[in-house]
Amino acid sequence: GKHFKLLPGWPFGRLSQRSSREGPNSVSDALTVTNLKSVRRVGLSHVLGHKLGATYHIPHGITSCLTLGPVITLKASIAPLEDKEALARVLESLRIASSNDVQDDVRTLGTEIVKLVDDLGLKTSLSAYNVSREDLPKIAARALDLPESENGKLVSQVIELLEGIYD
């Protein structure tokens, strides 16, 4: 929890040099402390990152900033219970009290990640990288490895997620 709160003040030009006993010596340290490395199947964010990065030349770290929080929030609705429980347990590392509702806790985690990205000054949008709004259905279908003509519920949910990070 401490690293998650300290990360916004960390000097990102010197990530490999520890200048404070309280600061992480790398972003990886901070993420390990918050248990994000141990969460399985947060893969949609990663896949979206590859689709967006390859097509629109968006750096992978930026695509993570764009998509991770919203994807985790989406997982509150679509993920298997085991994955939701793993995501909800991250709140304990952040010293955020559980609501005793796993879906609410996962949504809270997604919100906290969005806040962290904003606090780090890394908030951006798809439109800032010249992604065409008309391409969102194609991006969603490709990320889900479905034909572009597919228009199921999950495709619609991913399009909605992409709309949420468009502007």
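This is a predicted model: local features need pLDDT of at least 70, side-chain atom pairs count only at pLDDT 80 or more; totals for chains, interfaces and linings use all residues.
Residues are numbered from 1 along each chain as its sequence is written, and side-chain values use heavy atoms, with hydrogens and water left out.

The network of salt bridges joins Arg 133, Glu 163 and Asp 167; a salt bridge is taken as a side-chain nitrogen of Lys or Arg within 4 Å of a carboxyl oxygen of Asp or Glu. Helices are DSSP runs (H or I, at least four residues), numbered from the N terminus. Glu 163 is partly exposed at 33% relative accessibility, and Arg 133 is partly exposed at 33%; buried denotes under 20% relative accessible area, exposed over 50%, and partly exposed the range in between (1.4 Å probe, protein chains only).

In the whole structure, 5 salt bridges were found. One of them joins the side chains of Arg 107 and Asp 104 at 2.6 Å, N to O. Because these residues are 3 apart in helix 6, about one helical turn separates Arg 107 from Asp 104. Arg 107 has a relative accessible area of 32% and is partly exposed, as is Asp 104 at 33%. Asp 135 also forms a salt bridge, with Lys 138, at 3.7 Å between the closest N and O atoms. Here Asp 135 is buried at 17% relative accessibility, whereas Lys 138 is partly exposed at 26%.

The largest nonpolar core contains 23 residues, and Leu 44, Leu 48, Leu 126, Ile 139, Val 158 and Leu 162 have the most contacts inside it. Such a core is a set of buried Ala, Val, Leu, Ile, Met, Phe, Trp, Tyr and Cys residues joined through side-chain atoms within 4.5 Å. At least two residues of this core come from each of helix 3 (43-56), helix 4, helix 7 (136-143) and helix 8 (153-164). Helix 8 provides the largest share, 5 residues. Another core, of 10 residues, lies apart from it and includes Ile 72, Ala 76, Leu 109 and Ile 113. With neighbours within four places in sequence left aside, Ile 139 is in contact (heavy atoms within 4.5 Å) with Leu 48, Leu 52, Tyr 56, Val 131 and Leu 162.

Ala 79 is located in the loop between helix 4 (60-78) and helix 5 (81-93). Ala 79 is buried, at a relative accessible area of 8%. The C-alpha atoms of Ala 79 and Gln 103 are 9.6 Å apart in space, although the two residues are 24 apart in sequence. Within helix 5, the buried residues include Asp 83, Lys 84, Leu 87 and Leu 91.
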